[in-house]
Amino acid sequence: KSSLLRMIAGLDAPSAGDVYIQGTNLARLSPGKRAAVRAKLLSHVHPKPNDNLLPHLTAIDQVARVAARRKAVRNAAHQMLEMLGLTTRAGYFPDQLSGGEQQRVAIARAFASSVEILFADEPTGNLDTATGQHIIDLIFELNAEFGTTLVLVTHDSRLADRCERSIH
């Protein structure tokens, strides 16, 4: 499942076949051109919260970095962190944040990029049950608010049941 998600998210190229996103065949693009398509259209939340974040950037800078295409970048980043209950943690680096906080920063970054498609690979896999439920609720709330297409990989049938469409 994770390999398929990485291919349709443009992170890896398939060894055979084609992957189309809005009429563009990702399988035929160079890694640099795939990265350009990802930057414009796609975002990815990894299963391990810290894999999402750059260690040298604070939470606010993580989000502001991808919100650069929007006006008032710092304000947009602050608003996104506020939505996720992270304003008091905005100046913290990833290694100073809990796993749940790291995952919320990664989610804030993903939605702040104003992409059309968000790929989430087991976004709660490394979190305790309560934090995982909170993260999932946030993902679905932000998904509804921003109108982003959400492609979610999970082993959790309760989570899959919340999706509009499920492929087994």
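**Figure 1. Lining of the largest pocket in the predicted model.** This view shows a predicted model. The space in the largest pocket comes to about 850 Å³. Four elements, H1, H6, strand S5 (149-153) and H7, each supply at least two residues of the lining. S5 gives the largest share, five residues. Sorted by class, the lining has eleven nonpolar, eight polar and six charged residues.

**Figure 2. The largest nonpolar core.** This core holds 32 residues. Val 63, Met 80, Leu 81, Leu 84, Val 105, Ile 107 and Leu 150 touch the most other members. At least two residues come from each of helix H3 (59-66), helix H4 (73-83), helix H5 (99-112), S4, H6 and S5. H5 gives the most to this core, with seven residues.

**Figure 3. Leu 81 and its contacts.** Residues up to four places away in sequence are not counted here. Leu 81 then touches Ala 59, Ile 60 and Val 63, among others. Its contacts also include Leu 86, Thr 87 and Ala 90. Val 105 and Ala 108 are touched as well.

**Figure 4. A second, separate core.** This core has eleven residues. Val 19, Ile 21, Val 37 and Val 153 are among them.

**Figure 5. The salt bridge of Asp 12 and Arg 6.** The structure holds four salt bridges, and this is one of them. Side chains of opposite charge can pair when their charged atoms come close. In the pair of Asp 12 and Arg 6, the closest N and O atoms are 2.8 Å apart. Asp 12 is partly exposed, with a relative accessible area of 30%. Arg 6 also counts as partly exposed, at 29%.

**Figure 6. The salt bridge of Asp 18 and Arg 28.** The side chains meet at 2.9 Å, N to O. The pair links distant parts of the chain, ten residues apart. Asp 18 sits in the loop between helix H1 (2-8) and S1. Arg 28 sits in the loop between S2 and helix H2 (31-41). Asp 18 is partly exposed, at 41% relative accessibility. Arg 28 is exposed, with a relative accessible area of 61%.

**Figure 7. The salt bridge of Asp 137 and Arg 162.** Here the closest N and O atoms are 2.7 Å apart. Asp 137 is partly exposed, with a relative accessible area of 26%. Arg 162 counts as partly exposed at 38%.

**Figure 8. Positive phi at Gln 22.** Most residues other than glycine have a negative phi. Gln 22 has a positive value, near 50°. Its place is in the loop between strand S1 (20-21) and strand S2 (24-25). Gln 22 is exposed, with a relative accessible area of 56%.

**Figure 9. Positive phi at Glu 122.** Phi of Glu 122 is near 45°, again positive in a residue other than glycine. Glu 122 lies in the loop between strand S4 (117-121) and helix H6 (129-146). At 14% relative accessibility, Glu 122 counts as buried, because buried means under 20%.

How values were computed: Residues numbered from 1 in each chain as written. Predicted model: local features only at pLDDT ≥ 70, side-chain atom pairs only at ≥ 80, totals over all residues. Heavy atoms only, no water. Buried < 20%, exposed > 50% of the residue type's maximum accessible area, 1.4 Å probe, protein only. 1 Å grid on protein atoms, 1.4 Å probe; cavity = no way out; pocket = protein on both sides within 12 Å on 5 of 7 lines; lining within 4 Å. Points joined across faces, edges and corners; volume = space filled by probe spheres on them. Nonpolar A, V, L, I, M, F, W, Y, C, P; charged D, E, K, R; others polar. Core = buried A, V, L, I, M, F, W, Y, C linked by side-chain atoms within 4.5 Å. Contact = heavy atoms within 4.5 Å.
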